[in-house]
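I opened the notebook to go through one structure step by step. These are my entries in the order I made them.

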Amino acid sequence: MSVREDPQAQPVRPTSEDPVAAAGSELIGGPTGRRALLGTSWWTPVRIVAIVAIGMFALGMVQKLPCYDGGWFYGATAQYTHACYSDIPHLYNGRGFALDLVPYFDRIPDNVSGGMQYLEYPVLTGLFMEVASWMTPHGGSIQDREQIYWLVNAGMLMVCTAVIAVCVARTHRRRPWDALLVALAPAFALTATINWDLFAVALTAAALLMWSRSRPLAAGVLLGLATAAKLYPGLLLGALLVLCLRAGRLRAFWTAAGGALAAWLVVNLPVMVSTQGGLHIRDGWKTFYTFSQERPVDFGSVWLIISQRTGNSLEDVNTYGTVLMALACLGVAALALCAPRRPRLAQLSFLIVAAFVLTNKVYSPQYVLWLIPLAALARPRWRDFLVWQACEVMYFLGIWMYLAYTGSGDQHRGLPAEGYQLAIAVHLLGTLYLCALIIRDALVPERDPVRQDGSDDPGGGVLDRAPDAFVLGEARRASRYEGAALVDWGVHRE
């Protein structure tokens with residue numbers, strides 16, 4: 001039986017289709033032979049990927065060692081010059097966890113928080129932080145407790161890393177090795193313990209896995225929980241909407257959207273609504289949204305380059321960013337409805353999250369974690385992935401060197417503003433480069449690595465091999481799509 005006739009017949013071996021993967025395999029004995037017996041031992045691809053991901057996470061923890069030993073506590077710029085900064089130990093005391101304050105309910109004293117009255121993170125991330133504080137001993141010096149708090153969080157985030165690796169490896173049934181892109185991503189290891197983003201990334205990866213298994217309700221519930229931990233996962237509902245519209249699978253979309261809304265409300269309502277003194281929205285719950293709205297132009301954004309180069313504070317940056325994001329969403333929707341073949345879910349998901357990253361008024365270095373699993377599913381090619389990762393590593397180093405420069409006074413040790421602007425530009429261009437390749441793959445499906453064997457959308461669940469129901473543009477007049485459940489993009493391989 002040919003691969004074209006049954007796309008699920010054989011596992012894909014990256015060393016047979018990716019020159020960079022084949023070259024890299026020489027480190028472990030060369031490409032897999034065609035007579036190799038895969039999946040016949042305990043060392044299955046999914047387990048290997050998970051172990052590699054945990055190993056890289058551990059190396060990322062080692063990279064934070066200079067800060068753990070003192071950089072977080074001594075010296076104004078040591079945590080920047082060693083590129084080992086993390087929000088986690090600083091916010092243990094700075095957001096009242098060391099004082100046993102309850103997030104969103106107890107006001108944080110100004111002398112502790114520096115003016116932030118309540119925790120500025122979504123509710124489920126706040127719960128994650130609170131659980132870690134429960135497991136942190138309350139005896140000893142504040143430095144010891146902050147170190148232990150970071151270790152506890154690192155352990156919990158390591159579990160999230162394993163979940164991400166397993167979910168990505170299983171989303172495309174025949175392509176488990178694509179998850180090695182996630183496991184070996186240098187930016188993943190460097191940024192994993194800066195903040196709590198991996199929790200939302202893990203929930204999002206699990207949601208994509210459930211959708212690929214045609215379980216829209218479970219996928220929606222997980223997306224709702226992910227959105228309760230970080231705002232960006234909610235953007236994936238937009239990708240699902242236009243794809244389900246094109247495929248005539250809107251019932252699956254509404255099931256997922258309903259599950260997402262219900263899960264989000266279950267998590268948020270107990271914190272959101274207060275009945276004391278009348279029914280009203282609690283100030284502690286609103287802090288994340290008001291802080292995001294009122295935050296000025298900040299690190300890593302294209303707006304910072306414009307602001308620094310022109311001297312304009314860009315007070316209307318929210319309007320500018322919203323307009324550009326809306327235009328980007330319209331472009332993604334047009335791509336979904338006008339492309340020759342319905343784009344894959346991972347492709348649209350990456351594009352819409354990347355658009356948010358590129359137009360947002362802040363880009364913290366850990367935001368790359370949002371994109372890494374999506375990139376591995378959308379464009380599983382090592383060369384392009386590593387080019388993008390190199391750009392992100394340069395930005396990672398650039399922001400810390402810039403903070404070292406601004407914090408070193410007259411000594412000016414680090415990277416000046418012009419150098420940091422260049423680092424931002426490299427990050428922006430690297431992300432745009434990957435977006436351009438994914439858009440090309442959607443417009444020319446023969447170039448899509450996932451579709452070259454005849455597959456349609458292995459992560460699409462109910463969308464996979466579904467006929468088009470609503471199409472715009474030239475694709476509407478192409479007879480080969482009319483009533484076709486599957487288009488064989490790949491070459492015929494025996």
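I looked up C160 and found it buried, because its relative accessibility is 7% and the cut-off for buried is under 20%. The model I am reading is predicted. I then checked C244, which is buried as well, with a relative accessible area of 0%.

Next I asked how many disulfides the model has. The count is 1 disulfide. It joins C67 to C84, and the S to S distance is 1.9 Å. I noted where the two partners sit: C67 is in helix α4 (residues 65–71), and C84 is in the loop between α5 (78–81) and α6 (87–94). The pair therefore ties together parts that are 17 residues apart in sequence.

I also looked up the torsion about the S-S bond of C67 and C84. It is about 75°, so I wrote the disulfide down as right-handed. Are the two partners buried or exposed? C67 is buried, at 0% relative accessible area. C84 also counts as buried, at 0% relative accessibility.

**Transmembrane regions in the record**

I turned to the UniProt record, an unreviewed entry, for the term "transmembrane region". I checked two of them against the model.

Over residues 148–169 I found 100% helix and 0% strand, with the end C-alpha atoms 32 Å apart. Over residues 217–245 the chain is 79% helix and 0% strand, and there the end C-alpha atoms are 17 Å apart.

**One leucine**

I picked L422, which is found in helix α22 (residues 417–443). L422 counts as exposed because its relative accessibility is 56%, and the cut-off for exposed is over 50%.

**The largest pocket**

Last, I looked up the largest pocket, which holds about 1,200 Å³ of space. Which residues lie nearest its centre? They are F291, R295, V362, S364 and Y367, out of 42 residues that line the pocket.

I listed the helices that each supply at least two residues of this lining: α6, α16 (283–294), α18 (317–338), α19 (345–359) and α21 (382–407). I finished by sorting the lining residues of the largest pocket by type, which gave 24 nonpolar, 11 polar and 7 charged.

Methods
Residues numbered from 1 in each chain as written. Predicted model: local features only at pLDDT ≥ 70, side-chain atom pairs only at ≥ 80, totals over all residues. Heavy atoms only, no water. UniProt positions renumbered as here; feature names shortened; annotations may be inferred. Helix = DSSP H or I, 4+ residues; strand = E, 2+ residues; numbered from the N terminus. Buried < 20%, exposed > 50% of the residue type's maximum accessible area, 1.4 Å probe, protein only. Disulfide = S-S within 2.5 Å. 1 Å grid on protein atoms, 1.4 Å probe; cavity = no way out; pocket = protein on both sides within 12 Å on 5 of 7 lines; lining within 4 Å. Points joined across faces, edges and corners; volume = space filled by probe spheres on them. Nonpolar A, V, L, I, M, F, W, Y, C, P; charged D, E, K, R; others polar.
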